[in-house]
Amino acid sequence: MDKKLSLKAKIAYSMGGFSEAMPLNLFNVYFVYFMTDVAGVPGTFAGTIALLGVLWDAITDPIVGKLSDTCTSPMGRRRAYMSRSIVPLALFVVMLFTPVSLTGVAQAAYYVVAALGFWLALTMWVIPFFAFGAEITTDYAERNTLRTVVMILENAILILCTSGPMWVLSWTLNRGGTEADSWKYTAWITAIILLITSFICVHFTKGYDEPYVKKEKVKEENLFATFKELFKIRTFRLLTISMMLALFGLLLISTNLVYIMGNLARLTPEEQSIFWIVFSVAIMVMLPFANKLCNSIGKREVLMGVAVIQVIVGIISFFMSLENRIAFYIYIAGLILCNGCFVAHYVTLAYDSCEVDEFVNGKRREGSIVALMSFIQKAGGALAMWVAGVSLDIIGYDGTVADQTPEVLSGLNTVITVVPTIFFILATIALYKYPVTRKNFAALQEALEKKRAGEEYSTEGFKELL
């Protein structure tokens, strides 16, 4: 659909963003911390569980994407899978963040099973949800705006899953409870919100997905053939590389942020709660301006500028040290820019690749394309958590002591500043080579409309996309 979407339609779809962002960000920000400081396991073990999860995700993402592309349910290609994931996702969130009185192999088995179930249920929601966004509208600016609405609502609710755990911790401790108790409460609160928002999204978006059309069974190409075709497209290859690099750097920061706040900036749980509120609100305020810039000068140019800023911020923070509050706030300002731009618009970059794929290969494969992009995001998060966990062990971090040694603090500062900066430098180079701009995308859409209608068309103006 090229028509403008109503605010009601945007909000109904965007409510589904809660069910993607809440569990994913709770996992990315707090899982390693929960495992080391609450469950009491080594950082390497926590990082390895995250890595196992993404290896499992590598299998399930493309399968779910392909299945949703070919689904013939009367509910629609996407909503059918989304509806089946709601309850399992809520249950696995509770399992994953509930401390258990197990040790050794039994403890390891419990959290591995919980992590694998979590990623499978999340995949069954996220892949169809993202693909659904490409079906609702094919307009370049409208897609950017829709994603912006998703991100604004997500950041409103993210206050609960970032600031919320610290408020729950403070409330629990003040009433004589333990940190383990606080995480049980956090898990159940998150699960309840997931159930409510997921139901609203699935119920009130009825009629916006592609209509159900019964087709004769045809032989479907296999996954490897699909991805081989996609990676032959230069645009898609560069998109994949640039987003992997940028999201790895961004998620490495997010994973370590709780350690930075507690050990370098030395924020109390109450101050961390306030921090997350300010952080989320700042992103919400910035998102409309970022959307306006993306619509006027293009997503690639905006993301390149943000990556360069993060490189500069990383260098400044390394030399000043994040123990310096001024350096800490500068670093957070850069992180806000990255979250507001990369997390909001890497999905819309994937949407634009759908038209390139259709022009080159004659197929609409939103599910497969967003499956790969989702895998990149989750792979970046899992690898970042694994690197963070291993790094904590290497620098000698001990979650059982109140104060870390100066050597540990120095190592923590290096991990959080130098490593992400290297990845943002590489992401900037890849984005510079990424060819899609607003102008050539408009030319592509015009030619694609003529090609669909069987009319003469020209590739002048967008040859570099092919």
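1. A term to begin with: buried means under 20% relative accessible area, exposed over 50%, and partly exposed in between (1.4 Å probe, protein chains only). This is a predicted model, where local features need pLDDT of at least 70, side-chain atom pairs count only at pLDDT 80 or more, and totals for chains, interfaces and linings use all residues. Residues are numbered from 1 along each chain as its sequence is written, and side-chain values use heavy atoms, leaving out hydrogens and water.

2. Tyr13 and Phe132 are both buried. Their ring centres lie 5.8 Å apart with planes at 80°, so the pair is edge-to-face (rings of Phe, Tyr and Trp, its six-membered ring, pair if their centres lie within 6.5 Å; planes under 30 degrees apart count as stacked, over 60 as edge-to-face and the rest as tilted). Because Tyr13 sits in helix H1 (residues 7-14) and Phe132 in helix H5 (residues 104-136), the pair ties together parts 119 residues apart in sequence. Helices here are DSSP runs (H or I, at least four residues), numbered from the N terminus.

3. Phe34 and Tyr111 make another edge-to-face pair, at 6.3 Å centre to centre and 75° between planes. Phe34 is in helix H2 and Tyr111 in helix H5, so this pair ties together parts 77 residues apart in sequence. Phe34 is buried at 0% relative accessibility, and Tyr111 is buried with a relative accessible area of 0%.

4. Now for Glu358, in helix H12 (residues 325-361). Glu358 is buried, at 11% relative accessible area. Leaving aside neighbours within four places in sequence, Glu358 contacts Lys363, Arg364, Leu448 and Arg452 (contact means heavy atoms within 4.5 Å).

How values were computed:
Helices (H or I, at least four residues) and strands (E, at least two) are DSSP runs, numbered from the N terminus.
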